[in-house]
Amino acid sequence: MDMDSRRLHYFVRIADAGSLGRATQSLHVAQPALSRQMQLLEDEIGAALFERTARGMQLTAAGRSLYTDAKRLLADGQQALRRARLAASGRLGHLKVGFSEIYLWHPQALSALRQCRAQHEGVTYTLETKLSGAITERLRSGHIDLALAYSGQIDEGSELRHVPWFTDEYRLAVPADSRFCTNPPSRLAELDGEDFILFGREQSPRMHDMIMAHFHDRGFTPRIVQVGTSHYTVMALVAAGLGCSVMPLSAASRVPRGVRLVAVPDMALYTPIHAIWRVDSETPLLKRFVDLLTSEPVPEH
C-alpha cells in the first residue's frame with residue numbers, strides 16, 4: 001500500500017515542532033486525531049518513530065531515517081505539482097519545431113522563440129530545418145511537434161491541424177553577372193533555353209509540382225541542368241553561375257554574394273506558409289508558441 005502523503009506531512013510537522021501540542025496548533029488538527037495518524041504510520045512501518053521524553057518528542061533511528069526521506073518526498077511532490085501546473089498552462093516543456101529552412105531566420109519566428117523563452121524559463125526547444133515536404137513528413141511521423149512550412153491542401157479529417165502564418169512570394173534568382181540583373185525578362189517564357197536549377201521533387205513533391213505547374217501555365221518549360229537538395233544548395237549553384245532558379249522573397253536578406261533576386265511581371269507564384277501540428281501532439285505550450293508567432297501580421301516585403 002502506498003504511504004499516505006498526508007501522514008508524512010503530519011509526521012514532519014510534529015518532528016519540526018518537537019511536540020504534538022505545538023504541531024496541532026500549526027496544523028489546526030485535533031491532538032487525538034493527530035496522535036491516531038502517527039499510530040497508523042508507525043503500524044504501517046512496523047517501528048516506533050518517536051520517543052516521548054521530558055524535552056518533548058524525539059525521533060528514533062527509524063524516525064530520523066524517515067524524516068530525511070519524507071522531506072525529500074514531500075518536496076518532490078510539491079515540485080511535481082508545480083511543474084504539472086506550469087505545463088498545463090504552457091509555461092513549461094520542450095517543443096520540437098521544424099522549419100522549412102528559408103524561414104528559420106524569419107524575424108517573427110525568432111521573436112516567438114525569444115518571447116516564449118523570456119516569459120517562461122522552463123521552455124526549451126529543438127529546431128531542425130528541411131524543405132517543406134520533408135519537414136511535414138517529419139511532423140507526420142512524430143519526430144517533431146510543430147512545422148512551419150508550405151503544406152499544400154490539408155484534407156478535412158486529416159490528423160493535422162494548421163493555422164495560416166503568412167504568404168510568401170517567389171522571385172527569379174540569377175547570378176550577379178547575368179544579363180537579367182539589368183534587363184529582367186518580362187515573361188517566364190523568355191527563360192526557355194536558359195540553364196535552370198531546382199530542388200529534386202523527392203525533397204518536397206507538393207512544392208515542386210506547384211512550381212512546375214505555374215511554369216507550364218506561363219508557357220515555360222525549364223531546362224533543369226542542376227539539382228539541389230535545399231533552397232541553400234540551389235542558391236549556391238546560382239551563385240556559382242551555373243544557372244538561374246526561383247526563390248522565396250523571404251530569402252532576400254540572406255542570399256549569398258553573387259545572387260540577385262529579380263521580379264518577372266507574369267510570375268505570380270505565391271506559397272501560403274502555415275503552422276502545422278498533429279492533433280495528438282497539441283499542448284498548451286504548442287498553442288502558446290503558435291499564438292505568439294501569428295499574433296501580428298507579417299509585414300509585406
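**Charge, overall form and nonpolar cores**

In this predicted model, the protein carries 34 positive and 33 negative side chains, and the centres of these two sets are separated by 9 Å. The accessible surface amounts to about 15600 Å², and carbon and sulfur atoms contribute 50% of that area.

The secondary structure of the protein consists of nine helices and eleven strands. The radius of gyration is 32 Å, well over the 19 Å that the globule rule gives for 301 residues, and the protein is therefore more spread out than a compact globule. Taken along the principal axes, the box filled by the C-alpha atoms of the protein has dimensions of roughly 100 × 40 × 30 Å. Of the contacts between residues at least 6 apart in sequence, 74% join residues that are at least 24 apart.

In soluble globular proteins, nonpolar side chains tend to be buried together. In the present model, the largest nonpolar core comprises 57 residues, and those with the most contacts inside this core are L146, L148, W165, I211 and F215. When neighbours within four places in sequence are left aside, F215 is in contact with L188, F196, F220, P222 and V246. Another core, of 18 residues, lies apart from the largest one, and its members include V12, A15, A23 and L66.

Definitions and conventions
Residues numbered from 1 in each chain as written. Predicted model: local features only at pLDDT ≥ 70, side-chain atom pairs only at ≥ 80, totals over all residues. Heavy atoms only, no water. Helix = DSSP H or I, 4+ residues; strand = E, 2+ residues; numbered from the N terminus. Rg over C-alpha atoms; globule rule 2.2 N^0.38 Å. Contact = heavy atoms within 4.5 Å. Areas by Shrake-Rupley, 256 points an atom, 1.4 Å probe, with all protein chains shown as cover. Lys, Arg positive; Asp, Glu negative; His and termini not counted. Charge placed at Lys NZ, Arg CZ, Asp CG, Glu CD. Core = buried A, V, L, I, M, F, W, Y, C linked by side-chain atoms within 4.5 Å. Buried < 20%, exposed > 50% of the residue type's maximum accessible area, 1.4 Å probe, protein only.
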